[in-house]
Amino acid sequence: MKKLFPGVFVKGNKIYTISLAPGYSVYGERLETAGEKEYREWDPFRSKLGAAMAKGLRHFPIRPGDRVLYLGAAQGTTASHVSDLVGRNGVVFCVEFAPRAFEKLLPVCESRENMIPLLADAGDPSKYSETVGLVDSVFQDVAQPNQADILVRNCALLRKDGLAAIAIKSRSVDVTEAPAKVFDKELATIRKAGLEQLEVVRLEPFEKDHALAVFRKPV
Ligand SMILES: C[S@@+](CC[C@H](N)C(=O)[O-])C[C@H]1O[C@@H](n2cnc3c(N)ncnc32)[C@H](O)[C@@H]1O
């Protein structure tokens, strides 16, 4: 295994994290043992952050030890890899508002001490700001028409110099507009709020009409 980013590894064209809950496959991903460690394969067809890495992402938004605010955790597929890579010194606050997805998220959080499930609307961070406090990174994948605004609101909880990443689904914003135009508009909204745009990656062929963008909160 070679290091791709701190806490993220590659072998051939496959991406892995080291499992914090050995023996537990969260979404049917392959587990591979090497020495004392168990590696979990990160499927780019099931995870937009995985897809962004497979498409050559350069600014990885999350580091070992980070406190992460994860918006749109669903059943914990990507959030579980984020949990692996931040490790035992980090924490992942997993915000999800759909009760059925949340129910499936709970056992994943129970298997990992650093994943905190929060049943809440990411559009209203005041509901969890006290629990979460300041974070080192925000990751958002909510597929909502106002996804840029939701990110901006949550970046009130992001520390200065911290990183924010957003998976933008153009069809959730406007099904009739060309995806590139939708991305431009959403990215402009986030830049206007004072965040510095570092990188944008289109996610095809893993996800149609999606892009992942990384921002930094200025010091
Ligand atoms: C595309 S799925 C997320 C997949 C997940 N990030 C992964 O890779 O494993 C989007 C999720 O965002 C949730 N969601 C959408 N709007 C939300 C909101 N305002 N607050 C919290 N969760 C939201 C949906 O219920 C859904 O589970």
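In this predicted model, Lys185 is exposed, with a relative accessible area of 54%. The side chain of Lys185 meets that of Glu186 in a salt bridge, with an N to O distance of 3.9 Å. Glu186, in contrast, is buried, its relative accessible area being 5%.

Both residues belong to helix α7 (179–192), where Glu186 is listed with Pro179, Val182, Phe183, Leu187 and Ile190 as buried. An α-helix has 3.6 residues a turn, so residues three or four places apart point the same way. On the other side of α7, Lys185 is exposed together with Lys181, Asp184 and Lys192. The cover over the buried residues of α7 includes α5, β10, α6, β11 (196–202) and β12. The end C-alpha atoms of α7 are 20 Å apart, which agrees with the 20 Å that its 14 residues should span at 1.5 Å a residue. Gly194, which follows α7, has a positive phi, near 105°.

Helix α5 (residues 147–154) has Gln147, Ala148, Ile150, Leu151 and Asn154 as its buried residues. They span an arc of only 160° around the axis, which places them on the same side of α5. Among the elements covering them are β6, β9 (135–140), β10, α6 (170–173) and α7.

The count of salt bridges comes to 17. One of them joins Glu199 to Arg58, with the closest N and O atoms 3.9 Å apart. This pair links distant parts of the chain, since Glu199 is in strand β11 and Arg58 in the loop between α1 and β6, 141 residues apart. Glu199 is buried, at a relative accessible area of 6%, whereas Arg58 is exposed, at 59%. A further salt bridge is formed by the side chains of Arg216 and Glu196 (2.8 Å, N to O). Arg216 lies in strand β12 and Glu196 in strand β11, so this pair ties together parts that are 20 residues apart in sequence. Arg216 is partly exposed, with a relative accessible area of 22%, and Glu196 also counts as partly exposed, at 34%. Lys11, Arg30, Glu32 and Glu41 are linked in a network of salt bridges.

The largest nonpolar core has 35 residues, of which Trp42, Leu49, Phe60, Ile62 and Leu212 touch the most other members. Elements giving two or more residues to this core include α1 (48–54), β6 (67–71), α3 (99–110) and β12 (210–216). Beyond its neighbours within four places in sequence, Phe60 is in contact with Phe5, Val8, Trp42, Leu49, Met53, Leu85 and Leu163. Another core, of 29 residues, lies apart from the largest one and has Phe93, Tyr128, Leu151 and Ile166 among its members.

Conventions
Residues are numbered from 1 along each chain as its sequence is written. This is a predicted model: local features need pLDDT of at least 70, side-chain atom pairs count only at pLDDT 80 or more; totals for chains, interfaces and linings use all residues. Side-chain values use heavy atoms; hydrogens and water are left out. A nonpolar core is a set of buried Ala, Val, Leu, Ile, Met, Phe, Trp, Tyr and Cys residues joined through side-chain atoms within 4.5 Å. Buried means under 20% relative accessible area, exposed over 50%, partly exposed in between (1.4 Å probe, protein chains only). Helices (H or I, at least four residues) and strands (E, at least two) are DSSP runs, numbered from the N terminus. Contact means heavy atoms within 4.5 Å. The arc is that of the directions from the helix axis to the C-beta atoms. The expected span of a helix is 1.5 Å times one less than its number of residues. A salt bridge is a side-chain nitrogen of Lys or Arg within 4 Å of a carboxyl oxygen of Asp or Glu.
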